[in-house]
Amino acid sequence: MGNVSGADFESIVESYSGFVYNLAFRIMGNAADAEDAVQDAFLSAYRNFDRFRGESTVSTWLYRITVNACLMKLRKEKRRRTLTHTGIEDTMIADWSDGPERAALNSELKSKLEEGLQALPPQLRIAVVLRDVQGLSNDEAASVVDTSVSSLKARLHRGRVLLRKHLSDYVTQKQ
């Protein structure tokens, strides 16, 4: 990209601020923390803009910076409310053939899905958000979090299992 002027960075901020905020909100779970993470992400992006050489797309570059800003914020807060153990074997979890997306149309269930997402450990939450919410491929998501595709797939599987367990418990209580 070479020598880039401040105006170029401003146009990136204008074009991608909604994208960066939505990603941060999904990871952080509330507006105030998301706004803080967005500020940190754009500050970091600005500081490192001269190093952006166009080897990846602007969106991939911003995914990486935003995820890192969120992780830094989460580490500082050391949140403890995490889902870490399903209590049952993965194979015993009900198969929702319609998929959680369709069921999430119900606002109460959607709220439970968001609650479960926020209860996941950060690395699992980020894998689920990048793949299932943002729609990135395994390769793209692995690149964003700077890990192998197999490691990303393992995190994604574990995150999905824990979310499914969280929602299965909720659905069972409602019956």
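Hi everyone! Please keep in mind that what you see here is a predicted model.

Let's walk along the chain. The protein chain has 175 residues, and 37% of them are buried. Now look at the contacts in the protein chain with a separation of 6 or more: residues 24 or more positions apart account for 74% of those.

Next, let's zoom in on one pair of helices. Two packed helices are described by the angle between their axes and the distance between the axes. Our pair is α3, residues 58-77, and α6, residues 122-133. Their axes lie 11 Å apart, and the helices pack at an angle of about 150°. An angle over 145 degrees counts as roughly antiparallel, so α3 is roughly antiparallel to α6. The crossing of these two helices is right-handed.

Which residues of α3 and α6 make the contact? On the α3 side, find Y63, V67, L71, L74 and R75. On the α6 side, find P122, Q123, R125, I126 and L130. Sorted by class, the contact of α3 with α6 has seven nonpolar residues, one polar residue and two charged residues.

Methods
Residues are numbered from 1 along each chain as its sequence is written. This is a predicted model: local features need pLDDT of at least 70, side-chain atom pairs count only at pLDDT 80 or more; totals for chains, interfaces and linings use all residues. Side-chain values use heavy atoms; hydrogens and water are left out. Axes are lines fitted to C-alpha atoms, for helices over the stretch in contact, and angles run from 0 to 180 degrees between N-to-C directions. Helices (H or I, at least four residues) and strands (E, at least two) are DSSP runs, numbered from the N terminus. Angles under 35 degrees count as roughly parallel, over 145 as roughly antiparallel, 65 to 115 as roughly perpendicular and the rest as oblique. A crossing is left-handed if the near helix is turned anticlockwise from the far one by less than a right angle, and right-handed if clockwise. Contact means heavy atoms within 4.5 Å. Ala, Val, Leu, Ile, Met, Phe, Trp, Tyr, Cys and Pro count as nonpolar, Asp, Glu, Lys and Arg as charged, and the others, Gly among them, as polar. Buried means under 20% relative accessible area, exposed over 50%, partly exposed in between (1.4 Å probe, protein chains only).
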